[in-house]
Amino acid sequence: MNLYHLRHVDWLDSQLLYHALPRVGKEGLLILAPSSPYVCIGYNQNLAQEVDLAFCRENNIPVFRREVGGGAVFLDGDQLFYQLVLHKDNPLTFGSKVDVYERLLAPVVETYHELGVDVHFRPVNDIITAEGRKIAGTGVAEIADHLILVGNIIADFDYKTMSRVLKVPDEKFRDKVFKVLTENLTTIRKELGYMPGWDAMADPLIKKYEKLLGPFNVSGIPEDVRLEADKLKPHYLDSAWIDQRRRKLSHRDVKIATDVNLVQRVVKAPGGLMKADYELREGVIRDLTLSGDYFCYPADADSQIMALLDGKAIEDVDVLMEDFYRSNQIETPGIEPLDWVKVIRGV
């Protein structure tokens with residue numbers, strides 16, 4: 001197995017190389033980081049909905065669409081990337097995606113332990129601390145008969161810029177994104193009180209992966225991989241690729257961790273525009289805010305609904321709203337219980 005320990009590279013190479021390796025039929029492990037920051041969006045995301053493009057342009061932050069799913073993220077040199085490319089016939093790729101994740105992320109979990117950070121794997125693909133905070137980003141894709149695992153060891157993280165590059169409905173929602181990010185995403189610096197050097201992170205990671213993958217052949221980037229990356233470059237920089245999948249969305253759903261999302265939905269009911277903002281944690285509604293240009297009698301009926309639903313399972317909203325209207329003297333002209341269900345659940 002080839003090891004490409006490249007340290008800091010051009011930001012574009014930090015993505016192009018693992019896209020090129022499978023296309024020339026080569027397995028390998030890349031250890032690297034970008035020398036300058038950028039935004040990376042998931043394969044299925046709507047760029048215009050996810051990223052504040054004006055802010056990125058004004059601040060010279062490039063945007064890249066990867067062939068791996070997941071969400072938009074701000075990436076920089078304070079994160080050590082590991083990118084593993086395995087042929088689909090490699091026994092390490094066999095089993096369910098959860099099995100593959102757990103198997104291939106075990107060296108990362110062990111590396112955090114060696115650094116002094118207590119973490120564990122949580123299905124489907126999270127590495128979290130004992131307190132439940134996410135401390136790594138991971139993803140899997142299939143490209144040209146190969147399975148690709150990508151992830152990062154987060155030494156430090158720029159929460160402010162991350163919350164700024166995301167497209168949000170309003171500044172209040174942005175403040176909420178920042179708050180929930182800082183509460184649910186942690187770093188080695190936050191956990192240990194200092195930021196370890198490159199070798200302190202890379203050396204144990206390489207040793208742990210070598211136990212899983214077998215002896216490494218330390219190598220520079222082969223010429224055919226370099227040529228393939230250069231060949232792919234125009235495609236990945238083409239606006240037709242970056243801007244694709246312009247689906248019209250009626251809501252925003254920002255994933256913070258596997259079981260933590262910030263949601264905003266907007267519904268136009270006969271009685272007016274309805275908007276719901278809330279945090280969804282393990283299927284439970286938290287910090288619900290309802291607003292819009294509807295009419296309620298009594299005037300605080302929506303406040304009663306917010307109090308009713310806070311801390312309740314989202315799957316119970318339908319029954320709770322039906323019971324609320326049946327048990328109380330509530331009038332919301334042009335708005336029925338089902339409209340509240342739509343703006344909160346999206347169904």
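Residues are numbered from 1 along each chain as its sequence is written, and side-chain values use heavy atoms, without hydrogens or water. Because the model is predicted, local features need pLDDT of at least 70 and side-chain atom pairs count only at pLDDT 80 or more, whereas totals for chains, interfaces and linings use all residues.

Strands are DSSP runs of E with at least two residues, numbered from the N terminus. Strand 10 spans residues 146-154, and nine of its nine residues are buried (under 20% relative accessible area with a 1.4 Å probe, protein chains only). In a regular strand, side chains alternate between the two faces of the sheet. On one side of strand 10 lie His146, Ile148, Val150, Asn152 and Ile154, and on the other Leu147, Leu149, Gly151 and Ile153, all buried.

Two strands pair if DSSP finds at least two bridges between them. Strand 6 (residues 79-87) runs antiparallel to strand 10 and is joined to it by nine bridges, with glutamine 79 opposite isoleucine 154. Strand 9 (residues 136-143) also pairs with strand 10 in the antiparallel sense, over eight bridges; here alanine 141 faces isoleucine 148. Strands 9 and 10 form a hairpin with two residues between them, and alanine 144 in the turn has a positive phi of about 50 degrees.

A disulfide is a pair of cysteine sulfur atoms within 2.5 Å, and the count is zero.

Key: Buried < 20%, exposed > 50% of the residue type's maximum accessible area, 1.4 Å probe, protein only. Helix = DSSP H or I, 4+ residues; strand = E, 2+ residues; numbered from the N terminus.
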